[in-house]
Amino acid sequence: MTPAQSRAARALLNWSEADLAGRLGLGADFVRDFESGGREQPSGQIEALRSALMTHGVVFSRDGGSDGVRLSGQGRDEGTRLGALNTENDR
């Protein structure tokens with residue numbers, strides 16, 4: 001996971017640095033330092049950040065040499081489409 005992917009993933013989840021760090025019992029300064037590229041961080045802690053984001057639906061990708069993130073569509077109910085509404089599903 002790159003620092004840019006971490007920032008983008010947090011944005012998709014609407015999480016602050018403190019939100020992400022708090023889910024792992026780390027300080028917000030850890031996330032800030034990693035995302036700014038300020039200093040080398042232990043790979044185990046980076047993997048813990050990545051795992052926490054993935055647990056909440058973030059999917060990391062590398063397409064054509066470009067790193068990206070998106071939210072997984074799994075488990076997301078889009079509801080009933082307007083054209084499919086009828087008296088049977090009106091309950």
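F34 is buried, with a relative accessible area of 8%. Buried means under 20% relative accessible area, exposed over 50%, and partly exposed in between, using a 1.4 Å probe and protein chains only. This is a predicted model, in which local features need pLDDT of at least 70, side-chain atom pairs count only at pLDDT 80 or more, and totals for chains, interfaces and linings use all residues. Residues are numbered from 1 along each chain as its sequence is written, and side-chain values use heavy atoms, with hydrogens and water left out.

F34 sits in helix α3. Helices (H or I, at least four residues) and strands (E, at least two) are DSSP runs, numbered from the N terminus. Not counting residues up to four places away in sequence, F34 touches M1, T2, P3, S6, Q41, I46 and L49. Contact here means heavy atoms within 4.5 Å. The C-alpha atoms of F34 and A4 are 9.7 Å apart in space, and the two residues are 30 apart in sequence.

Now take the whole helix. α3 spans residues 28-36, and its buried residues are F30, V31, F34 and E35. Seen down the axis of α3, they fall within an arc of 120 degrees, so they line one face of the helix. The arc is that of the directions from the helix axis to the C-beta atoms. These buried residues pack against α1 (3-13), α2 (17-22) and α4 (43-55). After α3 comes G37, whose phi is positive, near 70 degrees.

Consider the charged pair next. E35 belongs to α3 and is buried, with a relative accessible area of 5%. R10 lies in α1. R10 also counts as buried, at 11% relative accessibility. The side chains of R10 and E35 are joined by a polar contact of 2.7 Å. A polar contact is a pair of N or O atoms within 3.5 Å; within protein, one must be able to donate a hydrogen and the other to accept it, and residues adjacent in sequence count only if both atoms are side-chain atoms. Leaving aside neighbours within four places in sequence, E35 is in contact with P3, S6, R7, R10 and E17. With the same exclusion, R10 touches W15, S16, E17, L20, V31 and E35.

How do α3 and α4 cross? Their axes come within 12 Å and cross at roughly 100 degrees. That makes α3 roughly perpendicular to α4. F30, V31 and F34 of α3 make the contact with Q45, I46 and L49 of α4. Axes are lines fitted to C-alpha atoms, for helices over the stretch in contact, and angles run from 0 to 180 degrees between N-to-C directions. Angles under 35 degrees count as roughly parallel, over 145 as roughly antiparallel, 65 to 115 as roughly perpendicular, and the rest as oblique.

Q45 is placed in α4. Q45 is partly exposed, with a relative accessible area of 30%.

β1 (residues 58-63) and β2 (residues 66-71) pair in the antiparallel sense over six bridges. Two strands pair if DSSP finds at least two bridges between them. S61 has G68 in β2 as its bridge partner. β1 and β2 form a hairpin with two residues between them. In the turn, G64 has a positive phi of about 60 degrees.
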